[in-house]
Amino acid sequence: MAKFVVLLGPPGAGKGTQAEIIAEKLAIPHISSGDLFRENLKNETELGKKAKGFMDAGKLVPDEITISMVAERLSRTDCNQGAILDGFPRTPYQAHELDIILAEKGNTICCVPYIMVSDQDLLERLTGRWTCKAAGHIYHAKFNPPKDPGICDIDGSSLYQRDDDKKETIEKRLAVFHEQTAPLIAYYREKNLLVEVDGTQPIEQVTTALLKTVTSVA
Ligand code: AP5
Ligand code: MG
């Protein structure tokens, strides 16, 4: 049966870090709405141009742009066995639409791990994050440094700091999370899908907790 996992958590909780590892272990794609937007920005597409202002301001990109972009990604055949969703859904409306998109192919969400980290820790994580230009591999100057500073261990490309990882933008993103995305915690708890995971543990321990959750559900 196809496995669709929604990773929920504030900016910097470790969604991207964990999704990459878990997706590889389960051999299903990692779908990050943020990465899809950044790919569009890099390729200077119309969608990327529309999204840029919202992302730079730390705001959510409007639902109509975001939902159709993710729906198109989910329609590809590599998602037939499921996917790890990272950063989508982010509003109750997106969550509702995701249920509809999945139901069209007889699928449902199997679980929603909520990676919990305090706002204070998140600021340190995001200001120290370095991302690889070629494929988005994620590092941290202190918590997960690359072997050679500024160079990706995996593909040798150079590392950069995201435009939205400036202190003021991070604060805005955190506020948006608490206002617009946090209602999803109750939404998925009511559906009996939410599993709280302590995101303050080291990366490997968070992975272990997530894999236990994801493999224990049908
Ligand atoms: P997006 O790219 O999704 O950003 P985000 O949700 O703000 O999350 P981040 O990618 O910043 O954090 P993460 O949880 O992936 O953490 P990471 O693993 O990198 O979205 C960007 C923007 O796009 C949004 O602001 C919005 O404008 C738009 N957008 C995206 N989706 C949207 C949607 N659905 N609707 C509308 N708009 C949307 O880890 C962070 C750092 O911590 C790294 O340096 C990492 O090495 C380190 N780290 C990770 N785990 C640990 C650990 N356990 N201990 C110590 N350090 C750790
Ligand atoms: Mg991410």
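Hi everyone, let's start in a loop: proline 89 sits between strand 3 (82-86) and helix 5 (92-103). Helices here are DSSP runs of H or I with at least four residues, strands are runs of E with at least two, and both are numbered from the N terminus. Phenylalanine 88 and proline 89 are joined by a cis peptide bond, with omega at about 0°.

Before going on, a word on the model: it is predicted, so local features need pLDDT of at least 70 and side-chain atom pairs count only at pLDDT 80 or more, while totals for chains, interfaces and linings use all residues. Residues are numbered from 1 along each chain as its sequence is written, chains are lettered from A and ligands numbered from 1 in the order in which they are written, and side-chain values use heavy atoms, with hydrogens and water left out.

Now the whole protein. It has nine helices and eight strands. Its radius of gyration is 16 Å, close to the 17 Å from the globule rule for 218 residues, so the protein is as compact as a globular protein of that length. That radius is taken over C-alpha atoms, and the rule is 2.2 Å times the number of residues to the power 0.38. The C-alpha atoms fill a box of roughly 45 × 40 × 35 Å along the principal axes.

Another loop, between helix 1 and strand 2 (30-32), holds alanine 27. Alanine 27 is not a glycine, yet it has a positive phi of about 55°.

On to the ligand. Which residues come nearest to ligand 1? Of the 35 around it, they are Thr17, Lys59, Arg90, Arg129 and Arg173; "around" asks for a heavy atom within 4 Å. That shell divides into 14 nonpolar, 12 polar and nine charged residues. In this grouping, Ala, Val, Leu, Ile, Met, Phe, Trp, Tyr, Cys and Pro are nonpolar, Asp, Glu, Lys and Arg are charged, and the others, Gly among them, are polar.

Let's look at some atoms. An N or O atom in the side chain of arginine 90 is 2.5 Å from an oxygen atom of ligand 1. For lysine 59, a backbone N or O atom lies 2.6 Å from a ligand 1 oxygen, and for glycine 14 the backbone distance is 3.1 Å, again to an oxygen atom of ligand 1. Taken alone, ligand 1 exposes 1,000 Å², and the protein buries 97% of that; these areas come from the Shrake-Rupley method with a 1.4 Å probe. Helix 1 (15-26), helix 2 (33-42), helix 6 (119-127) and strand 6 (138-140) are the elements that give two or more residues to the shell. Which element gives the most? Helix 2 does, with four residues.

Key: A polar contact is a pair of N or O atoms within 3.5 Å; within protein, one must be able to donate a hydrogen and the other to accept it, and residues adjacent in sequence count only if both atoms are side-chain atoms.
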